[in-house]
Amino acid sequence: RYAGKVPQGLAKRRAIDAWQMTVATRCAGYSSKWWRARAANVECEETAGHTNCTATAKPARKLMSFLQR
């Protein structure tokens, strides 16, 4: 628990974790590794005691997915 707002670094980490979970569950042929994603970006907005971050990126294809075709 945090008294007040969540630290910005933690809000960014949670946004990236949410992106990774979404890619892992919805995109079987793509890697959910943030460091492999292209055009990765995290935008944060601070309002009324809250920090809201949104992570966007284009996931990279899994290396072995080319061999499974």
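Arg61 sits over the face of Tyr30, 5.1 Å from the centre of the ring. This is a predicted model, so please read the distances here as values computed from that prediction.

Ser31 belongs to the loop that runs between helix 1 (8–26) and strand 1 (38–47). Is Ser31 buried or exposed? With a relative accessible area of 8%, Ser31 is buried, because anything under 20% counts as buried. Its side chain reaches the backbone nitrogen of Lys33 at 3.2 Å.

Now look at what surrounds Ser31 beyond its neighbours within four places in sequence. Trp19 and Val23 are in contact with Ser31, and so are Arg36, Pro59, Ala60, Arg61 and Lys62.

How many aromatic pairs does a search of the whole structure find? The search finds one. Trp19 and Trp34 make up this pair in an edge-to-face arrangement, with 5.1 Å from centre to centre and 80 degrees between the planes. Because Trp19 lies in helix 1 and Trp34 in the loop between helix 1 and strand 1, the pair ties together parts that are 15 residues apart in sequence.

Both partners can be checked for burial too. Trp19 counts as buried at 10% relative accessibility, and Trp34 counts as buried at 18%.

Technical notes:
Residues numbered from 1 in each chain as written. Predicted model: local features only at pLDDT ≥ 70, side-chain atom pairs only at ≥ 80, totals over all residues. Heavy atoms only, no water. Helix = DSSP H or I, 4+ residues; strand = E, 2+ residues; numbered from the N terminus. Buried < 20%, exposed > 50% of the residue type's maximum accessible area, 1.4 Å probe, protein only. Polar contact = N/O pair within 3.5 Å; in protein donor to acceptor, adjacent residues only side chain to side chain. Contact = heavy atoms within 4.5 Å. Phe/Tyr/Trp six-rings, centres within 6.5 Å; stacked < 30°, edge-to-face > 60°. Lys NZ or Arg CZ within 6 Å of the ring centre and 35° of its normal.
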